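Have a look at the structure, try each task, and then compare your steps with the solution.

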Protein chains: 4
Amino acid sequence: MMGDENGIPSLVKNQRLVQERRRQIIQGAFTLFVRKGFHKTTTREIARECGLSIGTMYEYIQSKEDVLYLVCDHIHTELERRLREAVMGISTGKEGLTRAVAEHFRLMGEMSDYVLLIYQETKSLSEEAKKRILDKEKEITAIFEGILQRGIQDGTLTLEPSFVKLMAHNIMVLGQMWTFRRWALGGHYTLEEYTRRQTALLLSECTQGDLGGDYDDERES
Amino acid sequence: MMGDENGIPSLVKNQRLVQERRRQIIQGAFTLFVRKGFHKTTTREIARECGLSIGTMYEYIQSKEDVLYLVCDHIHTELERRLREAVMGISTGKEGLTRAVAEHFRLMGEMSDYVLLIYQETKSLSEEAKKRILDKEKEITAIFEGILQRGIQDGTLTLEPSFVKLMAHNIMVLGQMWTFRRWALGGHYTLEEYTRRQTALLLSECTQGDLGGDYDDERES
Amino acid sequence: MMGDENGIPSLVKNQRLVQERRRQIIQGAFTLFVRKGFHKTTTREIARECGLSIGTMYEYIQSKEDVLYLVCDHIHTELERRLREAVMGISTGKEGLTRAVAEHFRLMGEMSDYVLLIYQETKSLSEEAKKRILDKEKEITAIFEGILQRGIQDGTLTLEPSFVKLMAHNIMVLGQMWTFRRWALGGHYTLEEYTRRQTALLLSECTQGDLGGDYDDERES
Amino acid sequence: MMGDENGIPSLVKNQRLVQERRRQIIQGAFTLFVRKGFHKTTTREIARECGLSIGTMYEYIQSKEDVLYLVCDHIHTELERRLREAVMGISTGKEGLTRAVAEHFRLMGEMSDYVLLIYQETKSLSEEAKKRILDKEKEITAIFEGILQRGIQDGTLTLEPSFVKLMAHNIMVLGQMWTFRRWALGGHYTLEEYTRRQTALLLSECTQGDLGGDYDDERES
DNA sequence: CATGAATGAGTTTTCATTCAT
DNA sequence: AATGAATGAAAACTCATTCAT
């Protein structure tokens, strides 16, 4: 079996074709998974949505679960790519953190469907696939860990080293929280207010004795 | 149709029996939902697990979805009951917040399976049932809102009124986070460390100009 | 086993009670069978409709099919009773025929639900029960045969003896036809017009050379 | 959805295949419906009888009710086709009526199982499907209406125009009567005798003042 | 490579009937 | 006699996957 990109084998050898078809599958499946959830979406529907016959689709995957993995993996890859893009060429750790948090929150606002999907359907993956997805999540979190550490080193951030990891996860979760609690928050705060306030909370922990700073505009409002 | 407790009708009239059997169903179903998820658990498995024949089980529910609702509703009721219990007879708002957060985190540690289930399976409920579940979540969050407001009134807490709701949701989410990020946090922090640190983060926001304080007594207890 | 009225055994010995309860069952079941058909009506629904518990109902019947038989039998008994009533104390055969046909049509108009039920659900009975129902139908038909024969004997009707039976069945069917073709006839004819015209058709065959007579008002209109 | 012949959608696209498989389904289902009735026949039995797997069968229908509709529709189509064939190229209205009635009775004799099925199971169809079936029945009845009208116009038949429709329905019903009263008539008359006698009855109404004629042989026998 | 018809195990749900109380 | 909870066989229908063309 060929076509082992992403660890999912395909019967088709032509790698360019595999890539193109999988792109179609991911796009079609994503739309449906968001609308109806993984279990309530049938393989037939996926095939129809992405413009392939059911037979052809199965040339590029081995099971319905593979589709879920492809979708989840694609989401993470996209998130990581966008986040790295946003924090490239940053000088100090503090500035990097501010920017990265802002970008992360913006991304979460844009990609809330994605995040929801990850939260709700990851458990349907096989142990192996689940591990790969969680590893990706760890890698993304590690971006924030890196920024935090840089800030500690360059003296712009104050944080016990042993809690760097926890803060990185906090950043991740407070970002995702906008998507999975929108049913409660949406009516009371705009994404902007939400971002401003949560960023303040996060930074307050990392800039003790240095109150004010980047977000003082917020304090005044 | 009789037996309308929880809004789920039952064919059986004897209310005591309905309550007892539903307790069985909830318990059996919960075990299985945690282990395999809602969709991968069959009604026959639920019946077997809770010691009822399939026919008998259907005397007490109307559809498989009802079982999910019963389970989710029970979880929330339990969470709310325990949380209210923990914050009864509290004097100042600040003390109440500290205790409530500690209890909430302890509960989340104990009931992580429950929380995970709510996060992953709520979407499988009908719109109506989903609304009822989310309303319960709002009610629980409102407990924290109440405590925060009391603290603002008695002067022991500092917080802009418009962000009381957000802080309450933050408390909820940072508590739940322990359950849905245990795969990443479990290896690095104990629940105790996690609780201490997150409580500090939360309180720092509500006790500005009053750094330190309440949390060393907690260390001693 | 006691209570063998109608050939259906009952567990209950008190004959008066059996009769009363069965009356309830017939009435409740009839309503439901007309509305939803035999197969789509459940025994629970029948019990509820007739004000008995399911357990009690089963003290008076042995199976759901028994209920259908009781209903069908009751319909026929009623039809026969009313028809006999209508032709009692009649002098000549011709007059008897005219009256009986008129009464039969009137009855069919009133009891169309009953007739429809017999047509549609008889096949669901056991062979034995079906035979008993068809025998009743034959007995009712025989009333018309008797009238026709009397008419032949007293010279008021003209009909080959070998076709007496066919004419009796024709009378039965043209009466029932109003019920099972009402979807087509109802919009075009009133029951009165229908009766007048069909009676004319039937009588014309039995009164050759004696045109006119009882129905000449119809010829003129 | 493809394959919308008859208004019943099919998942299979190849129209020739749909037609062939539905032919199989109709044939198999018809046999079973006649033997056991619609409700007592299971979908698995139908599938087995027509040589398809249950899954395959459901590629060509959407529900069990669809099978009933297909069967009923096929019966009517067949009846109509045969009847039209029989009355093609007829000269006078009277001759047409005689031939059409004869053919109709012959058909009813042949297809009595079909007719019985229509009488007993139409009520199990959805309102929409029922309407389509009754419309077909009206169309067939309209064939006789047309013949009667032609006869009135060319002077070979005598009948009040307002009762043309009723007579057409009478013809339909007296034909069908042979099938649903065979349990009573079968022992006493041959189909030939039955046909001769009923035709006489029907024609006597339409040929007043013209006694004798086509059926005088029957008067003598 | 592409297609889509075929498959049948597996799913939820119903309901006539029984029987302990 | 009356009750109604318990039962489980059986029903309709679905859908991931395969494989011949």
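A short note before you start: this is a predicted model, in which local features need pLDDT of at least 70, side-chain atom pairs count only at pLDDT 80 or more, and totals for chains, interfaces and linings use all residues. Residues are numbered from 1 along each chain as its sequence is written, chains are lettered from A and ligands numbered from 1 in the order in which they are written, and side-chain values use heavy atoms, leaving out hydrogens and water.

**Exercise 1. Find polar contacts to the phosphates of DNA strand F.**

Step 1. Recall that a polar contact is a pair of N or O atoms within 3.5 Å; within protein, one must be able to donate a hydrogen and the other to accept it, and residues adjacent in sequence count only if both atoms are side-chain atoms.

Step 2. Begin with the backbone: a polar backbone atom of K64(D) is 2.8 Å from a phosphate oxygen of DNA strand F.

Step 3. Now try a side chain: Y58(D) places a polar side-chain atom 2.7 Å from a phosphate oxygen of DNA strand F.

**Exercise 2. Describe the protein surface near DNA strand F.**

Step 1. Take a residue as near if one of its heavy atoms lies within 4 Å of the strand. There are 39 residues around DNA strand F, and R21(B), Y60(B), V12(C), K13(C) and Y60(C) come nearest.

Step 2. Sort them by type: twelve are nonpolar (Ala, Val, Leu, Ile, Met, Phe, Trp, Tyr, Cys and Pro), ten charged (Asp, Glu, Lys and Arg) and 17 polar (the others, Gly among them).

Step 3. Look for helices (DSSP runs of H or I, at least four residues, numbered from the N terminus). Helix 3 of chain B gives the most, with five residues.

**Exercise 3. How much area do domain 1 and domain 2 of chain A bury between them?**

Step 1. Locate the domains, whose bounds come from an automatic or database assignment: domain 1 of chain A is 5-62 and domain 2 is 66-207.

Step 2. Buried area is the accessible area (1.4 Å probe) that two parts lose on being put together, summed over both. Here the two domains bury about 1400 Å², 78% of it on carbon and sulfur atoms.

Step 3. In domain 1 of chain A, I26(A), F30(A) and F38(A) lose the most area to domain 2, together 37% of what that side buries.

Conventions. Helix = DSSP H or I, 4+ residues; strand = E, 2+ residues; numbered from the N terminus.
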